Amino acid sequence: MKPNILLVTADQWRGDCLSALGHACVRTPNLDALAAEGTLFARHYAGAAPCSPARASLYTGLYQMNHRVCRNGSPLDARFDNLALLGRRAGYDPTLFGYTDTAPDPRGMAPGDPHLTTYEGVLPGFTTRTLLPEHERPWLSWLRERGHSDATSRSVHRAEGQPETGNAPPSYSRDETQTAFLTDAFLRWHGEQDGAWFAHISFLRPHPPFVVPEPYNTMFAASNGPAFTGAADRDSERALHPYVAWQMAAQKKHSFVHGAQGRVEDWSRADFAALRAVYYGMIAEVDAQIGRICATLRERGDWENTLVIFCSDHGEMAGDHWLLGKGGFFEASYHIPLIIRDPARRAHAGTQVTAFTSAADILPTLAARLGLSPANHQDGASLLPFLDGRTPANWRDAAFWEFDFRDIAHGAAEAHFGLPSNACNLEVLRDTAWKYVHFAGLPPLLFNLADDPAETRNLADDPALAPVRLACAERLLSLRARHLDQTLAYTHLAAGGPVIAPPSA
């Protein structure tokens, strides 16, 4: 039977923030239950950050080096296949609830087209049922219909008189969050379906601003663990690398708390702890709405024919390394959750996979499940073997991600570092023992993860470790060579016609 497909993304969700993985205080009972019926990937990583580059990898199965979505606002080349187009070829009408942050390819579009003024376009192939871009106007209008006359702007996220890092609830309730709004929209749509369906619910939370209604706002205390990761003080953190010092200085409070003024550097460790407690509450709120979805699908008889994929686009620093948000090279920005529950593969339900997996693996997994081939080269590979309890031969032994910090519009990074735009980038190779960070225009970093899991000591200049650094650099170079676009590289035109021999993995 043709399965229903439900792809759920929660924006900016750290990979360690699942109680199924033993987090010190976060509790995610509904996702834990989903994992118990499926497969939990414990070492899953985003391909890039921030939102647009990360989602481009998720949607296309490509690393940033190939899809070239460098920043929010970088267009996604129209020639690339994606999971919505794949779904259409399989006979579905892929339907979106939320957003995809896909800047359209401007070539061939009219110069005055308003879609060229924003990065918040919709991935080609999706039918949009409920759009929720960053301005949140559809949700704000819905709140006004429910009697919230003050819901005229995003200032609704701030309680009157609330301290910058306080946990006062907003005026909207637990049943009126953006997450509830999208969940309601999906459940209404689901009630209209009379055949196999494909839905992508793209939740905004736990993306900032950090605010959440009762009871989630007091569910966690600032004193709850775990301890923050990173250097003991800001000066030591800045000294780690020039990029870190620049990233710390560049962060603004208003990016994380609506209406706040000044720099994140002015917040104390106690402020970070208070914000992190609210972040954990936002995670609990999303988990509750996911529970509503799963319960309703069961009640309506659709659960046993629904393939569910839950993941995030990228992580959140949440105070680690004296930072908030995402970007750079630290673990918390790129380690993300992934749970896949396939009702056709239940023999190994409840398995946790510790092999390194990537956001780029989602499209090839979906393609394999539907019996289709992606229309172009793929950097990821199908995860279906893991769902069957086995590790594919020659599976990757390290995580790989990229971050591009160019600033085409304003040139801030270029001016600060004295670099051309194409040198404002980094890439990371991280296995169980070592983490190597290569910058195109800045010094590299090398961390011994066994001795320094907090990534506080850069060993790149240690002469005794020069062979390790060289080996990491060579592995990274080999990875890039293997993953240069291979769309036609496995095709040979011979006397008898084209010979196509794609790789096995």
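Leaving aside neighbours within four places in sequence, Thr39 is in contact (heavy atoms within 4.5 Å) with Leu338, Ile339, Ile340, Thr351, Val353, Phe386 and Leu387. The structure is a predicted model, in which local features need pLDDT of at least 70 and side-chain atom pairs count only at pLDDT 80 or more, whereas totals for chains, interfaces and linings use all residues. Residues are numbered from 1 along each chain as its sequence is written, and side-chain values use heavy atoms, with hydrogens and water left out. Thr39 belongs to strand E2 (residues 39-45); helices (H or I, at least four residues) and strands (E, at least two) are DSSP runs numbered from the N terminus. With a relative accessibility of 2%, Thr39 counts as buried. Buried denotes under 20% relative accessible area, exposed over 50%, and partly exposed the range in between (1.4 Å probe, protein chains only).

Helix H2 (residues 51-60) is largely enclosed by the rest of the structure, because 10 of its 10 residues are buried. These residues are Cys51, Ser52, Pro53, Ala54, Arg55, Ala56, Ser57, Leu58, Tyr59 and Thr60. The packing partners of the buried H2 residues are strand E1 (4-10), helix H3 (64-67), helix H4 (83-89), E5, E6 and helix H10 (362-370). Gly61 follows H2 and has a positive phi, near 75°.

Over the whole structure, 6 cavities of 30 Å³ or more are found. A cavity is a set of points, on a 1 Å grid over the protein atoms alone, where a 1.4 Å probe fits but cannot get out, and lining residues have an atom within 4 Å of a point. Grid points are joined across faces, edges and corners, and a volume is the space filled by probe spheres set on the points. The largest cavity has a volume of about 50 Å³. Its lining consists of Ser52, Arg55, Ala56, Tyr59, Val69, Leu76, Thr100, Asp101, Thr102 and Ala103. By class, the lining of the largest cavity comprises 5 nonpolar, 3 polar and 2 charged residues. In this classification Ala, Val, Leu, Ile, Met, Phe, Trp, Tyr, Cys and Pro count as nonpolar, Asp, Glu, Lys and Arg as charged, and the others, Gly among them, as polar.

Asp101, one of the lining residues, has a positive phi near 55° although Asp101 is not a glycine. Asp101 is located in the loop between strand E3 (95-98) and strand E4 (127-131), and is buried at a relative accessible area of 5%. A positive phi, about 50°, is also found at Ala318, likewise not a glycine. Ala318 occupies the loop between strand E6 (306-311) and strand E7 (335-336) and is buried, with a relative accessible area of 4%.

Two cis peptide bonds are described here. One joins Pro208 and Pro209, with omega about 10°; Pro209 is in the loop between strand E5 (198-203) and H7. In the other, the bond from Gly225 to Pro226 is cis with omega near 0°, and Pro226 is placed in the loop between E5 and H7.

Side chains of opposite charge can pair when their charged atoms come close. The whole structure contains 37 salt bridges, a salt bridge being a side-chain nitrogen of Lys or Arg within 4 Å of a carboxyl oxygen of Asp or Glu. Asp16 and Arg14 form one of them, with an N to O distance of 3.0 Å. Asp16 is partly exposed at a relative accessible area of 27%, while Arg14 is buried at 11% relative accessibility.

Arg238 takes part in a salt bridge with Asp235, where the closest N and O atoms are 2.6 Å apart. These two residues lie 3 residues apart in helix H7 (residues 234-238) and are thus separated by about one helical turn. Arg238 is partly exposed at 26% relative accessibility, whereas Asp235 is exposed, with a relative accessible area of 56%. Arg238 also forms a salt bridge with Glu265, the closest N and O atoms being 3.0 Å apart. This pair links distant parts of the chain, 27 residues apart, with Arg238 in helix H7 and Glu265 in the loop between helix H8 (242-250) and helix H9 (269-299). Glu265 is buried, at a relative accessible area of 13%. Elsewhere, salt bridges with shared partners join Glu37, Arg298, Glu304, Arg341 and Arg346 into one network.

Conventions: 1 Å grid on protein atoms, 1.4 Å probe; cavity = no way out; pocket = protein on both sides within 12 Å on 5 of 7 lines; lining within 4 Å.
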